[in-house]
Amino acid sequence: VDMNQLLSEIKNCSVCKEHLPLGPRPIVSAHPESKIVIIGQAPGTKVHQTGVPWDDPSGKQLRKWLNVTDAQFYDERLFALIPMGFCYPGKGKSGDLPPRTECAPLWHQPLLDQMPKLKLTILIGQYAQAHYLGKARKNTLTETVKNHQAYGPDFFVLPHPSPRNRFWLSKNPWFEEEVIPQLQKAVSSILKNQ
């Protein structure tokens, strides 16, 4: 299977169709040359409509954290954008429901196997961190992010860049003071040497 075939299989996936309020619309972006993979949660309603990953206020914030332009962010040879759940999962009590659990076991490894040039995996939010870090992650997202160096150089852990997380950001000023500069340094050195 090559990357194009794999992406087309993913785009046609309907494994959990009956659980998706807006129907299946898998959103993923990857290339055999990708250097950095961003593993997020699941598309929200705006991204479901546009079909463009991170095409919302969270994406704007994420690009600011990474210190990259839209053009860099959407260049698949630089960034692969792979959510834990590829389709919009529906509304929950506070925000969207968790990502569907079918996607990652089915599609992540085959995608990663097609990207031999990956240098960094950025894990955004608790679902990506639980899946990829397993027992190595801390009890809370805050502790995991605080201990981000323990997961390097392969992984970088971040909270979700959603506007809903403003309260978390204001309570944890160390994140933007200490973690973001390290993230930007890691990203820029990979993009410089590509």
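**Stop 1: two paired strands**

Select residues 120-124, strand β3, together with β4: the two run parallel and are joined by 4 bridges. Helices (H or I, at least four residues) and strands (E, at least two) are DSSP runs, numbered from the N terminus, and two strands pair if DSSP finds at least two bridges between them. Now click on L123; its bridge partner in β4 is V157.

Before you go on, a word about what is on your screen. This is a predicted model, in which local features need pLDDT of at least 70 and side-chain atom pairs count only at pLDDT 80 or more, while totals for chains, interfaces and linings use all residues. Residues are numbered from 1 along each chain as its sequence is written, and side-chain values use heavy atoms, leaving out hydrogens and water.

**Stop 2: the whole sheet**

In which order do the 4 strands of the open sheet lie? The order is β2-β1-β3-β4, with parallel pairing. β2 (79-83) and β4 (155-158) are at the edges with a single partner strand each, so one side of each has no neighbour in the sheet. On average, neighbouring strands are turned by 20 degrees against each other, direction ignored.

**Stop 3**

Select β2 and β1, which pair in the parallel sense over 5 bridges. Here I38 stands opposite L81 in β2. In a regular strand the side chains alternate between the two faces of the sheet. Colour F79, L81 and P83 for one side of β2, and A80 and I82 for the other: all are buried (under 20% relative accessible area; exposed is over 50%, partly exposed in between, with a 1.4 Å probe and protein chains only).

**Stop 4: a helix across the strands**

Next, select residues 125-133, helix α6, which lies across β1 (36-40), β3 and β4 and runs at about 130 degrees to β3. Such angles run from 0 to 180 degrees between N-to-C directions, with axes fitted to C-alpha atoms, for helices over the stretch in contact; contact means heavy atoms within 4.5 Å.

Which residues of α6 are buried? They are G125, A128, Q129, Y132 and L133. These residues cover an arc of only 100 degrees around the axis, which puts them on the same side of α6 (the arc uses directions from the helix axis to the C-beta atoms). They pack against β1, α5 (103-113), β3, α7 (141-146) and β4.

**Stop 5: a loop serine**

Finally, find S162 in the loop between β4 and α8 (166-171). S162 is buried, with a relative accessible area of 14%. A polar atom of its side chain lies 2.9 Å from the backbone nitrogen of R164.

Notes
Polar contact = N/O pair within 3.5 Å; in protein donor to acceptor, adjacent residues only side chain to side chain.
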